[in-house]
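Please consult the sequence and the structure shown here while reading the points below.

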Amino acid sequence: TPIRLPDGRTLGQRELFLEAIRCHPQFSLPYSALSTGLGADETIALADGRIFSRRELCIEAFRLDRGNTTALINLADMLQADENLHLPGSALPWCKRQLLLEVIRINPDSSRAYQNLSTVLGAGESIRLSDGRIATKRDLLVRAIQCDPGTCTAYSEIAAMMDAGEQVQVMVDNLPRFFSKRDLLLEAIRSNPGNAMGYVSLGRYVLHFDADTTVKLLDGRILSPRELFIEALRCDPQCSTALINL
């Protein structure tokens, strides 16, 4: 929603970030914030005439503040697993893993960094964090949930690694909580109700592993597997997995 400023100008979000850069060109945060809304192949002109791509905005944000974790995460998102990037002030290039490890070092509670780092690990692979801990793919996803149990989307990813009778322990509000595969699939829908595959995964679980013919979602709805597949199609009419299961 555009904002009307005291001088009478009406600016949208992108224009507000550009104005922030114009007022304080050495302030790192507006550069990384501006990059978030920029398309992959898009460029933008600043008030001083400089033209930046999304990646260049993040690099500039890092140059101004090496602790800007938004810039580091955005840069990691742009890199392929085997791609390297040269950053200002660094003699050696950075890869996706190193960028995300740096975010975790700066902010050990960054849910997004743990979840994104898990995507570059293979099934049996582990990685050493800056504090010396060794973490597997599942460890990283569990940590992502612990950092942000309300909106984290890692529930379904852990569920996909688990057998029907298995449980995983997650610390929530400093208390241990045990999740079954079914619990995780329910949490996946709660945290991301617009994701079609969340409904498909739960529908397939109830169909094949659950003695009940219906399941109660965390929002109170009671649905059968068929209704879960239909709900998936409401989220994504092109969801072929839901169509096949129907």
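Leaving aside residues up to four places away in sequence, Leu202 touches Leu185, Leu186, Ile189, Val215, Leu217 and Leu228, where contact means heavy atoms within 4.5 Å. This is a predicted model, in which local features need pLDDT of at least 70 and side-chain atom pairs count only at pLDDT 80 or more, while totals for chains, interfaces and linings use all residues. Residues are numbered from 1 along each chain as its sequence is written, and side-chain values use heavy atoms, with hydrogens and water left out.

**Nonpolar core**
- The largest nonpolar core has 71 residues, of which Leu117, Leu202 and Leu217 touch the most other members.
- Such a core is a set of buried Ala, Val, Leu, Ile, Met, Phe, Trp, Tyr and Cys residues joined through side-chain atoms within 4.5 Å.
- Buried means under 20% relative accessible area, exposed means over 50%, and partly exposed lies in between (1.4 Å probe, protein chains only).

**Helix 3**
- Helix 3 (residues 54–64) has as its buried residues Arg54, Leu57, Cys58, Ile59, Glu60, Ala61 and Phe62.
- Helices (H or I, at least four residues) and strands (E, at least two) are DSSP runs, numbered from the N terminus.
- Among the elements covering the buried residues of helix 3 are helix 2 (29–36), strand 3 (43–45), strand 4 (51–53) and helix 4 (69–78).

**Aromatic pairs**
- The count of aromatic pairs is 4; rings of Phe, Tyr and Trp (its six-membered ring) pair if their centres lie within 6.5 Å, with planes under 30 degrees apart counted as stacked, over 60 as edge-to-face and the rest as tilted.
- Phe62 and Trp94 form an edge-to-face pair, 6.0 Å centre to centre with 75 degrees between the planes.
- Because Phe62 lies in helix 3 and Trp94 in strand 6, this pair ties together parts that are 32 residues apart in sequence.
- Both Phe62 and Trp94 are buried.
- Tyr155 and Phe179 form a tilted pair, 6.2 Å centre to centre with 55 degrees between the planes.

**Cysteines**
- The structure holds 0 disulfides, a disulfide being a pair of cysteine sulfur atoms within 2.5 Å.
- Cys235 is in no disulfide, and the nearest cysteine sulfur, that of Cys239, is 8.8 Å away.
- Cys235 is partly exposed, at 28% relative accessibility.

**Asp212**
- Asp212 sits in the loop between helix 10 (196–209) and strand 11 (215–216).
- With a relative accessible area of 44%, Asp212 is partly exposed.
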